[in-house]
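Thanks for coming, everyone. I have one structure to walk through today. Please take a look at it on the screen before I start.

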Amino acid sequence: MSPKGKTARLLVGILLPLLSSFIFSTCGGTGIDLAGGGVSGTGVSTGAIASFGSVEMNGVHYLTDNNTIKMSHGDDHSSELDQALFRVGMVVTIHHGPNDNNALEIEYRDNLQGFIAAKNSGADNTLTVLGQTVVVDSAAVFTNLNLNELVEVSGFVDSAGRIRATYIARNPQFPHHGGEFEVKGFVSGLSSSGFRLGPLPDGTGMTVTVSFSQAVGAGLTDGMYVKVVTTGAQPVSGPISATSIEKLSPRTVFPEKSIVDLEGLVTASPSGSGNVLSFAVEGKRVQTDNNTQFLGGGTAANIQPDVRLQVQGTEMGGVLSAAKIIFR
């Protein structure tokens, strides 16, 4: 059961000449329960936006109002309307009320912004952007993207450390852009002058070398999740020269004992037997047990690398203890 082919409808009008964004995502819900509660009194849900009329994600319509904090690219845009700020397919994190669907905060951070350095229409349609491999499941979208075109990408990480795009914007224009490009990921192989950067926390999968000055790289450690900013349009291979590095919190880190709803791809093969399994989603360790429910047409045996699923559970000591697994 692969995520390829599971990408839902490409929005009507997406290929019109004046449209600046290519948007695609997975539709709909499965009648699931709403995640809520936790020691902080809020639930944390992450996934790709499916629709609006409120913000629908993971089969739940999250209600927004004038008190909802809306963050995009690290900036507060709370005064903007949902559909003016967000797009279908963007992977967001929503903090909501205890056991309800009232959105307290919605945060969007892209995976990267940069120029398309290479296109490969082999087994998968892939782009190379800032040394990262981006899989584009829609052939129509892939065809209409051009070399040296500036793009913004949001999506899920697969087991090879590639980004499977759920949202691609062409030539994004933001007030903070100013000729700077950015890529986010985990630090590995840190030295005094550089490190490897990749989408998976253990440093496996596809990575790119980042070079930095001592001032820019102060305080870095292996395993840290960072945003690397560069002013150079990167070639297909070769290091990224960082002009700034900012530590961020990855979307897969949650407060202890919080109730979590996490959507993503399986990035590590399961170990264990029967319904008692340990595996990873976007590098986040997930544990099932004999009480875990399997919904959406799959069973424990269907948990395999690159399967797209949704985990509802509780954060316990850095591991997401799964109450439900919903196959997407």
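Let me start with one residue. Thr-68 counts as buried, because its relative accessibility is 0%. Buried here means under 20% relative accessible area, exposed means over 50%, and partly exposed is in between, with a 1.4 Å probe and protein chains only.

A word on the source. This is a predicted model, in which local features need pLDDT of at least 70 and side-chain atom pairs count only at pLDDT 80 or more, while totals for chains, interfaces and linings use all residues. Residues are numbered from 1 along each chain as its sequence is written, and side-chain values use heavy atoms, with hydrogens and water left out.

Back to Thr-68. It sits in the loop between strand E4 (60-62) and strand E5. Helices (H or I, at least four residues) and strands (E, at least two) are DSSP runs, numbered from the N terminus.

What does the side chain of Thr-68 reach at 2.9 Å? The backbone oxygen of Ala-103. A polar atom of the Thr-68 side chain also lies 3.0 Å from the backbone nitrogen of Asp-65. For polar contacts, the rule is a pair of N or O atoms within 3.5 Å; within protein, one must be able to donate a hydrogen and the other to accept it, and residues adjacent in sequence count only if both atoms are side-chain atoms.

Now the neighbours. Leaving out residues up to four places away in sequence, Thr-68 touches Leu-63, Ser-78, Ala-103, Leu-104, Glu-105 and Ile-106. Contact means heavy atoms within 4.5 Å.

**The chain overall**

Let me zoom out. The chain has 25 strands and two helices. It has 328 residues, and 53% of them count as buried. Take the contacts with a separation of 6 or more: 62% of them come from residues 24 or more positions apart.

**Cores**

Next, the nonpolar cores. A nonpolar core is a set of buried Ala, Val, Leu, Ile, Met, Phe, Trp, Tyr and Cys residues joined through side-chain atoms within 4.5 Å. The largest has 32 residues. Which of them touch the most other members? Val-134, Phe-195, Val-228 and Ile-245.

Take Val-228. Residues up to four places away in sequence aside, its contacts include Phe-181, Phe-195, Leu-197, Ile-240 and Ile-245. Glu-182 and Ser-244 are also among the residues that Val-228 touches. There is a second, separate core of 19 residues, including Phe-279, Leu-309, Val-311 and Ala-322.

**The largest pocket**

On to the pocket. The largest one has a volume of about 490 Å³. The method uses a 1 Å grid over the protein atoms alone: a pocket is an open set of points where a 1.4 Å probe fits, with protein on both sides within 12 Å along at least five of seven lines, and lining residues have an atom within 4 Å of a point. Grid points are joined across faces, edges and corners, and a volume is the space filled by probe spheres set on the points.

There are 27 lining residues, and the closest to the centre are Arg-109, Ser-249, Pro-250, Arg-251 and Thr-252. Strand E7 gives the most to the lining, with four residues. By class, the lining divides into 13 nonpolar, eight polar and six charged residues. Nonpolar covers Ala, Val, Leu, Ile, Met, Phe, Trp, Tyr, Cys and Pro; charged covers Asp, Glu, Lys and Arg; the others, Gly among them, count as polar.

E7 spans residues 91-96, and His-96 is in it. His-96 counts as buried, because its relative accessibility is 0%. Its side chain makes a polar contact with the side chain of Ser-45, at 3.1 Å. His-96 and Val-44 are 52 residues apart along the chain, yet their C-alpha atoms are separated by 6.6 Å.

Asp-82 lies in helix H1, residues 82-85. With a relative accessible area of 11%, Asp-82 is buried. Its contacts, residues up to four places away excluded, are Phe-52, Ser-54, Val-55, Thr-64 and Lys-70.

Last, backbone angles. His-73 is not a glycine, but its phi is positive, near 55°. Asn-148, also not a glycine, has a positive phi of about 65°. Buried or exposed? His-73 is buried, at 15% relative accessibility. Asn-148 is exposed, with a relative accessible area of 61%. His-73 is in the loop between strands E5 (69-72) and E6 (75-76), and Asn-148 is in the loop between helix H2 (139-143) and E12.
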